[in-house]
Amino acid sequence: MSGPAVRPRRAVILGGSRGIGAAVTEHLAARGDDVAIVHRTASAAADRTRTAALRHGGRVETILADLSVPEQPAAAMATAAQRLGGIDVVVLAAAAPLTLKRMQKLTAADVTAQLQGSVMVAFEALQAAFPWLCEGQDAAVVFILSSCTVGTAPSQYGAYTIGKYAALGLMRTLATEWASRAVRVNAVSPSLTLTEYVDFLPPQVGQQAAEHTPLRRLATPEDTAAAVGFLLSPQAGFITGINLPVSGGGVTV
Ligand SMILES: NC(=O)c1ccc[n+]([C@@H]2O[C@H](COP(=O)([O-])OP(=O)(O)OC[C@H]3O[C@@H](n4cnc5c(N)ncnc54)[C@H](OP(=O)(O)O)[C@@H]3O)[C@@H](O)[C@H]2O)c1
């Protein structure tokens with residue numbers, strides 16, 4: 001005898017058009033979720049992600065928003081909820097601009113931009129999503145943080161690391177406060193992944209990082225998407241508040 005029909009979950013992926021977010025979009029679409037991708041610019045990469053997700057037969061919505069502008073994250077969540085008929089899942093994968101500088105050269109503007117992009121976007125988007133998540137099915141949130149939040153902090157990534165740690169604090173607070181509403185909140189922390197985000201780095205940086213990784217390669221967007229998929233799944237139903245490294249053993253907890 002079959003059980004009650006399970007309806008697709010409704011997932012919003014901030015920064016779901018390219019890179020790691022695009023791999024998450026496709027992973028969730030492939031397992032039957034309806035997805036809304038929020039991104040800033042129309043691009044060939046965004047079209048490819050949408051087309052790939054549509055192949056799985058579910059609903060795919062795209063929402064253009066500049067998430068760095070206050071009130072845009074909340075507006076994007078409202079649009080996503082309206083188009084999908086609610087929200088069960090949120091993945092925070094939008095990338096804040098990356099500036100590599102030593103601490104004594106960092107400006108307040110560099111740090112503020114990271115705090116805005118990493119934590120304020122999440123703060124605003126999730127506050128807006130909360131009422132829908134409370135009504136959602138197996139509601140869950142995953143933050144994409146970074147392996148810089150585990151162990152030794154890398155040199156020159158100060159603003160980025162500060163922003164990601166602030167987001168880690170938000171993730172842990174939400175995990176505690178929202179547990180009573182059955183909304184789980186977790187993070188994944190990938191190591192270096194060759195997306196457009198880091199294409200300014202010389203190739204030898206990637207080669208050296210792979211050599212220093214115990215599993216002897218770099219992370220792929222699909223590695224992180226699989227970890228996100230697990231944390232969003234019913235199999236992770238008793239897991240909340242964790243920060244899971246996806247780093248080939250490069251950082252461990
Ligand atoms: N790549 C790595 O080595 C690495 C390692 C660890 C953690 N991470 C983290 O993983 C996340 C994704 O990084 P990625 O490498 O996948 O970056 P990416 O390839 O550059 O993709 C960034 C995504 O964020 C969107 N986005 C950026 N700024 C936005 C804004 N202001 N408003 C709306 N959408 C915006 C982009 O949309 P548009 O195309 O429209 O701009 C795109 O969908 C980030 O949080 C990053 O810190 C990355």
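1. In this predicted model, the ligand is surrounded by 26 residues, and the closest of them are Gly15, Gly19, His39, Thr195 and Tyr197. Helix H1, spanning residues 19-30, supplies three residues, the largest share of this shell. By residue class, the shell around the ligand divides into 11 nonpolar, 11 polar and four charged residues.

2. The sheet is open and has seven strands, paired in parallel and arranged in the order E3-E2-E1-E4-E5-E6-E7. Its edges are formed by strand E3 (60-64) and strand E7 (243-246), each of which pairs on one side only. On average, and with direction ignored, neighbouring strands of this sheet are turned by 20° against each other. In general terms, the strands of a sheet pair through backbone hydrogen bonds, in either a parallel or an antiparallel manner.

3. Strand E5 (residues 140-144) pairs with strand E6 (residues 184-190) in the parallel sense, over five bridges. Phe143 has Ala187 in E6 as its bridge partner.

4. The largest nonpolar core comprises 67 residues, of which Leu14 and Val91 touch the most other members. Helix H4 (residues 108-134) contributes 10 residues, the largest share of this core.

5. The surroundings of Val91 deserve a separate entry. With neighbours within four places in sequence left aside, Val91 is in contact with Ala11, Ile13, Leu14, Val24, Val142 and Val228. Among these partners is Leu14, which, together with Val91, touches the most other members of the largest nonpolar core.

6. Ile37 belongs to strand E2 (residues 34-39). Is Ile37 buried or exposed? Ile37 is buried, because 28 other C-beta atoms lie within 10 Å, where 20 or more are required for that class. Residues up to four places away in sequence not being counted, Ile37 touches Ile13, Gly16, Ser17, Thr25, Thr49, Arg50 and Thr62. Ile13, one of the residues touched by Ile37, is also in contact with Val91.

7. A further distance concerns Ile37 and Leu84, which are 47 residues apart along the chain. The C-alpha atoms of Ile37 and Leu84 are separated by 11 Å.

Key
Residues numbered from 1 in each chain as written. Predicted model: local features only at pLDDT ≥ 70, side-chain atom pairs only at ≥ 80, totals over all residues. Near = placed C-beta within 6 Å. Helix = DSSP H or I, 4+ residues; strand = E, 2+ residues; numbered from the N terminus. Nonpolar A, V, L, I, M, F, W, Y, C, P; charged D, E, K, R; others polar. Core = buried A, V, L, I, M, F, W, Y, C linked by C-beta atoms within 7 Å. Buried ≥ 20, exposed ≤ 12 C-beta atoms within 10 Å, placed from the backbone. Contact = placed C-beta atoms within 7 Å. Pairing = 2+ DSSP bridges. Axes fitted to C-alpha atoms, helices over the stretch in contact; angles between N-to-C directions.
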